[in-house]
Amino acid sequence: MINLLRRKLKIALAVAMLFSLSGCWSSKEIEDLTFNVGIAIDKGEEPSEEKDFEMKGATYKKKDEITVTYQYVNIATTKPEAQGAGKKKYINISESGDSNHQMVRDLSLRQERPVTFLHTKVIVINSELLKQKSLKELLDYYLWDNELRPSCLVFVSNGPAKEVLESNTTEIIPAFRLSGMIDNSYRNIKILEPMSLSKLKGKFNSGESYLLQNIYSVDGEIKLSGAAIINGKNNLLLATINEDVLHGISLLKRKTTGGLIKATDETSGEVFIYEVEELTTKIIPIINKDKISFELDIHSTGRISESWMNLSKTPAFINDIEKLIELETEKIIKNAIKTIQKDLQVDVAGFGNQVRIKYPQLWQKVKNNWDEVFSEVPIHYSIKMEVTDFGYRDDN
């Protein structure tokens with residue numbers, strides 16, 4: 001009896017092992033998949049190939065509200081025999097319509113391989129479209145889609161978004177290039193911290209206005225330049241700011257990495273560069289009978305990283321160049337504050353957040369019209385920039 005039970009147990013184990021060795025029944029070979037790596041969203045314009053199909057009767061009822069360009073990795077170029085053949089490593093295909101989900105499904109009508117969005121790196125949205133269509137609505141499908149990872153980054157293009165997903169060289173996959181460039185934020189203060197889909201969810205819920213990295217594209221080349229301000233109330237594009245204004249906002253938001261201040265010596269007219277090593281920015285709300293003002297306290301230590309004039313390490317000389325750096329920093333800060341406070345009347349630098357933290361009861365009174373309140377509040381400045389290092393230089 002015992003031997004019979006053992007025999008049955010061995011048979012059951014053997015059968016179970018066969019199932020474990022059979023592999024994943026739902027798996028698909030890499031060669032049989034289409035890997036999406038980038039998405040560009042523009043104002044609706046029916047692609048030429050769709051027009052050709054429509055003329056022959058291949059169409060369905062839709063409105064061309066938006067045009068979406070999907071970028072795939074060209075699997076054929078990854079094979080050893082295709083290396084150096086001069087073929088582009090990416091393929092772009094566009095669809096127009098009024099539903100992101102439907103356009104994704106319609107890709108199956110034009111190609112044999114199913115599309116996977118597990119490796120999508122970037123979504124680029126045209127600035128003109130964002131003046132008319134809410135960012136929250138444009139991204140609704142991608143925020144709900146379980147396949148698209150929440151780490152996917154979002155950008156705004158000053159011009160057609162699909163041009164950002166083009167390159168004038170065959171070796172570059174534009175979506176990978178863009179996701180790599182944003183990682184340079186530690187090298188340049190004018191690059192915003194990456195804005196992912198997961199971070200955007202929080203922005204949508206907060207109702208506060210926010211910034212997205214802006215991109216320019218020319219003949220297959222791209223440049224990160226300035227930022228798009230998104231109105232937190234309706235998630236439409238409010239304005240685009242240039243690099244100088246973004247520089248000042250980054251200093252206000254305590255971004256330390258990649259910070260350079262370029263100043264000019266009054267006597268010689270020569271330029272020198274101050275590199276920020278440490279930065280402390282304090283936005284201090286002052287409340288007097290419910291009237292709000294701010295004290296802005298900025299303190300930095302850094303080094304002179306480049307100079308086109310003769311340097312001296314005497315205390316008097318160091319004091320003079322520190323004053324020049326402070327004046328230049330004040331110009332940068334005031335220019336940024338004038339732009340957002342007076343010209344655009346929108347707080348994207350965190351002033352309201354300090355009121356919310358330190359005076360929560362007052363914040364409840366002003367939060368619904370904070371941008372209007374912010375446009376009138378006085379701001380006082382205290383800026384101290386210390387030179388602690390001249391780098392390696394021969395004193396002689």
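D290 counts as partly exposed because its relative accessibility is 47%, where partly exposed lies between buried, under 20% relative accessible area, and exposed, over 50% (1.4 Å probe, protein chains only). D290 sits in the loop between β11 and β12. This is a predicted model, in which local features need pLDDT of at least 70 and side-chain atom pairs count only at pLDDT 80 or more, while totals for chains, interfaces and linings use all residues. Residues are numbered from 1 along each chain as its sequence is written, and side-chain values use heavy atoms, with hydrogens and water left out.

- Phi of D290 is near 70 degrees, which is a positive value in a residue other than glycine.
- K289 is also not a glycine and has a positive phi of about 55 degrees.
- Most residues other than glycine have a negative phi.
- K289 is found in the loop that runs between β11 (271-288) and β12 (291-307).
- K289 counts as exposed because its relative accessibility is 78%.

**The chain as a whole**

- The protein chain has 14 helices and 13 strands; helices (H or I, at least four residues) and strands (E, at least two) are DSSP runs, numbered from the N terminus.
- The chain has 396 residues, and 44% of them count as buried.
- Among contacts in the chain with a separation of 6 or more, 71% are between residues 24 or more positions apart; contact means heavy atoms within 4.5 Å.
- The chain exposes about 22,100 Å², and carbon and sulfur atoms supply 51% of this area; accessible areas come from the Shrake-Rupley method with a 1.4 Å probe, and for residues only the protein chains shown count as cover.

**Nonpolar cores**

- The largest nonpolar core has 50 residues, and L211, F294, F351 and W370 have the most contacts inside it; such a core is a set of buried Ala, Val, Leu, Ile, Met, Phe, Trp, Tyr and Cys residues joined through side-chain atoms within 4.5 Å.
- Helix α11 (residues 315-343) gives this core its largest share, ten residues.
- F351 touches L252, I283, F294, I337, W370, F374 and I379, with residues up to four places away in sequence not counted.
- A second, separate core has 35 residues, including I39, F117, L129 and L143.

**Helices α10 and α11**

- Two packed helices are described by the angle between their axes and the distance between the axes.
- Helix α10 (residues 243-252) packs with α11 at an angle of about 100 degrees, and their axes are 8 Å apart.
- The two helices, α10 and α11, are therefore roughly perpendicular to each other, a term for angles of 65 to 115 degrees.
- Axes are lines fitted to C-alpha atoms, for helices over the stretch in contact, and angles run from 0 to 180 degrees between N-to-C directions.
- Residues of α10 that take part include V245, I249 and L252, and those of α11 include I333, A336 and I340.

**Two buried residues**

- E326 lies in helix α11.
- E326 counts as buried because its relative accessibility is 9%.
- Not counting residues up to four places away in sequence, E326 touches I383, K384 and M385.
- L138 lies in helix α5 (residues 135-138).
- At 5% relative accessibility, L138 counts as buried.
- L138 is in contact with I41, I66, N100, I125, L129, L130 and K133, leaving aside its neighbours within four places in sequence.
- L138 and S99 are 39 residues apart along the chain, and their C-alpha atoms are separated by 9.2 Å.

Definitions and conventions:
Angles under 35 degrees count as roughly parallel, over 145 as roughly antiparallel, 65 to 115 as roughly perpendicular and the rest as oblique.
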